[in-house]
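Work through the exercises below with the model in view. Try each task before reading its solution.

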Amino acid sequence: MRLTIFWERMADHFGAAYADSFARDHVMAELGGRTVHQALDSGWEAKDVWRAVCTAMGIPAEKR
């Protein structure tokens, strides 16, 4: 998954303004105690981060 697609999906689900705030501030166990930004910066694949977000936030399968 390209980062542009990842961020589009984040904005679609959370809203453009909240997506970045969530990605910067919300620490998730599914990402090893990292935020979205930290996980991406440390080399996690965007698709894996998106899957972790979906799991943590209960995003329905049809929106994954």
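The exercises go from single helices to helix pairs, then to single residues.

This is a predicted model, in which local features need pLDDT of at least 70, side-chain atom pairs count only at pLDDT 80 or more, and totals for chains, interfaces and linings use all residues. Residues are numbered from 1 along each chain as its sequence is written, and side-chain values use heavy atoms, with hydrogens and water left out.

**Exercise 1. Compare the length of α1 with its expected span.**

Solution. Helices are DSSP runs of H or I with at least four residues, numbered from the N terminus. Helix α1 covers residues 3-14, which is 12 residues. The expected span is 1.5 Å times one less than the number of residues. For α1 that gives 16 Å. From first C-alpha to last, α1 reaches 16 Å, close to the expected value. Just after α1, G15 takes a positive phi of about 95 degrees.

**Exercise 2. Find the buried side of α1 and say what covers it.**

Solution. Buried means under 20% relative accessible area, exposed over 50%, and partly exposed in between, with a 1.4 Å probe and protein chains only. In α1, F6, M10 and F14 are buried. They lie on the same side of α1, because they cover an arc of only 40 degrees around the axis. The arc is taken from the directions from the helix axis to the C-beta atoms. An α-helix has 3.6 residues a turn, so residues three or four places apart point the same way. T4 and D12 are exposed, on the face turned away from the buried side of α1. The cover over the buried residues of α1 includes α2 (16-25), α3 (36-41) and α4 (46-57).

**Exercise 3. Describe how α1 packs against α4.**

Solution. Start with the axes, which are lines fitted to C-alpha atoms over the stretch in contact, with angles from 0 to 180 degrees between N-to-C directions. The axes of α1 and α4 come within 9 Å and cross at roughly 15 degrees. Therefore α1 is roughly parallel to α4, a label for angles under 35 degrees. Next, list the contact, meaning heavy atoms within 4.5 Å. From α1 come L3, F6, R9, M10, H13 and F14. From α4 come A46, V49, W50, V53 and M57.

**Exercise 4. Repeat the analysis for α1 and α2.**

Solution. Here the axes come within 7 Å and cross at roughly 110 degrees. Therefore α1 is roughly perpendicular to α2, the label for 65 to 115 degrees. W7, M10, A11 and F14 of α1 meet A16, Y18, A19, F22 and A23 of α2.

**Exercise 5. Check the span of α4 and list its buried residues.**

Solution. The 12 residues of α4 should span 16 Å at 1.5 Å a residue. Its end C-alpha atoms are 16 Å apart, so the two values agree. Buried in α4 are A46, V49, W50, A52, V53 and C54. Their cover includes α1, α2 and α3. Just after α4, G58 has a positive phi of about 65 degrees.

**Exercise 6. Is T35 buried or exposed? What of K63?**

Solution. T35 sits in the loop between α2 and α3. Its relative accessibility is 5%, so T35 is buried. Leaving out residues up to four places away in sequence, T35 touches A23, R24, D25, H26 and V27. K63 is in the segment after α4. Its relative accessibility is 55%, so K63 is exposed.

Key
Helices (H or I, at least four residues) and strands (E, at least two) are DSSP runs, numbered from the N terminus. Angles under 35 degrees count as roughly parallel, over 145 as roughly antiparallel, 65 to 115 as roughly perpendicular and the rest as oblique.
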